[in-house]
Amino acid sequence: MKTRITELFGIRHPIIQGGMHHVGYAELAAAVSNAGGLGIITGLTQPTPEDLSREIARCAEMTDQPFGVNLTFLPSFKAPPYPDYIQAIIDGGVKVVETAGRSPEQYMPQLKAAGIKVIHKCTSVRHALKAEKIGCDAVSVDGFECGGHPGEDDIPNFILLPRAAEELTIPFVASGGMADGRSLVAAMALGADGMNMGTRFLATTDAPIHDNVKQAIVEADERQTRLIMRNLRNTERVMNNAAVEEIIRIEKEKGEAETIDDIRHLVTGVKGRLVLQEGKMDEAAWSCGMVAGLIHDVPSCEELIARIMDEADTIVRQRLLGSLEA
């Protein structure tokens with residue numbers, strides 16, 4: 001399947017694995033890329049730029065296909081050394097960067113001078129238009145269904161994607177609620193050039209996370225996620241567990257007076273690693289999309305992507321074209 005996204009990134013299938021903290025290691029990125037998608041290493045999961053350089057080198061040993069690196073620009077008093085992380089990406093020969101969080105505008109000259117293609121994650125049309133204006137090559141449009149941070153507008157993809165298609169000239173992929181061939185065909189029908197998957201890639205044999213997490217996703221339905229940090233205007237969609245119930249209790253109690261310090265002990269990356277790496281499922285909040293309701297197995301990335309493309313082909317050729325012929 002050829003789309004503007006496959007052409008832009010030099011990949012066989014219009015499927016991108018989103019950056020995920022403490023998940024996006026070389027093993028997963030290489031598996032996705034080898035299967036024809038675009039695998040993504042999560043840059044800030046690596047403690048230093050030197051660690052990122054080593055992770056990029058590991059991934060390059062596992063695949064000869066294109067892969068990218070995610071850089072999330074965080075609101076922080078002590079920002080990571082982003083120029084050094086970018087230099088590690090450049091030195092590693094990586095040609096695709098997925099940016100997220102705050103605008104990547106101040107870092108675009110360094111990225112573009114190195115010939116790097118930039119895809120920015122956006123949760124609204126206005127943010128997508130800003131990304132286009134500052135020179136991003138593509139955007140990932142994240143609907144309200146997505147795991148992690150869905151923004152504050154609460155617009156689901158059935159509205160957000162066609163609105164993006166009306167306004168943008170650069171290619172975009174759909175993110176949030178993406179799981180299978182139906183997702184891909186629907187996303188493209190609504191104007192996207194492919195799809196980005198996070199939660200679906202968690203539930204694969206290649207994801208370097210604890211089996212308890214994978215089974216929790218398989219066993220969940222679409223009603224098991226919760227929204228936290230709404231009071232802080234940093235909304236995050238997470239899988240419900242004991243830690244999340246405690247966060248919700250604190251947030252109801254504190255209301256508008258809530259600060260991040262009130263819940264920090266339940267949302268830190270250190271605690272999140274206890275869930276993802278050690279399978280201690282109630283230790284912290286962890287990002288998960290409503291798409292868990294569509295995930296029923298734990299295949300390899302190769303099996304998953306092949307199945308998605310076969311499903312998409314069948315839907316188009318038999319169901320859609322067949323109905324027109326009838």
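His 22 is buried, at 9% relative accessible area (buried means under 20%, exposed over 50% and partly exposed in between, with a 1.4 Å probe and protein chains only). Keep in mind that this is a predicted model, where local features need pLDDT of at least 70, side-chain atom pairs count only at pLDDT 80 or more, and totals for chains, interfaces and linings use all residues. Residues are numbered from 1 along each chain as its sequence is written, and side-chain values use heavy atoms, leaving out hydrogens and water.

- Most residues other than glycine have a negative phi.
- His 22 has a positive phi, near 65 degrees, and is not a glycine.
- You'll find His 22 in the loop between strand S1 (15-17) and helix H2 (26-34); helices (H or I, at least four residues) and strands (E, at least two) are DSSP runs, numbered from the N terminus.
- Asp 154, also not a glycine, has a positive phi of about 60 degrees.
- The loop holding Asp 154 runs between strand S6 (138-142) and helix H7 (157-167).
- Asp 154 is partly exposed, with a relative accessible area of 29%.

**Nonpolar cores**

- A nonpolar core here is a set of buried Ala, Val, Leu, Ile, Met, Phe, Trp, Tyr and Cys residues joined through side-chain atoms within 4.5 Å.
- The largest one has 80 residues, and Ile 89, Val 139, Phe 201 and Ile 217 have the most contacts inside it.
- Leaving aside residues up to four places away in sequence, Val 139 touches a set of residues including Ile 119, His 120, Cys 122, Leu 168 and Phe 172 (contact means heavy atoms within 4.5 Å).
- There's also a second, separate core of 11 residues, with Val 238, Ile 247, Ile 250 and Ala 285 among them.

**Cysteines**

- The disulfide count is zero, a disulfide being a pair of cysteine sulfur atoms within 2.5 Å.
- Cys 59 is in no disulfide, and its nearest cysteine sulfur, that of Cys 301, sits 12 Å away.
- Cys 59 is buried, with 0% relative accessible area.
- Cys 122 is in no disulfide either, with the nearest cysteine sulfur, that of Cys 136, 7.1 Å away.
- Cys 122 counts as buried too, at 2% relative accessibility.
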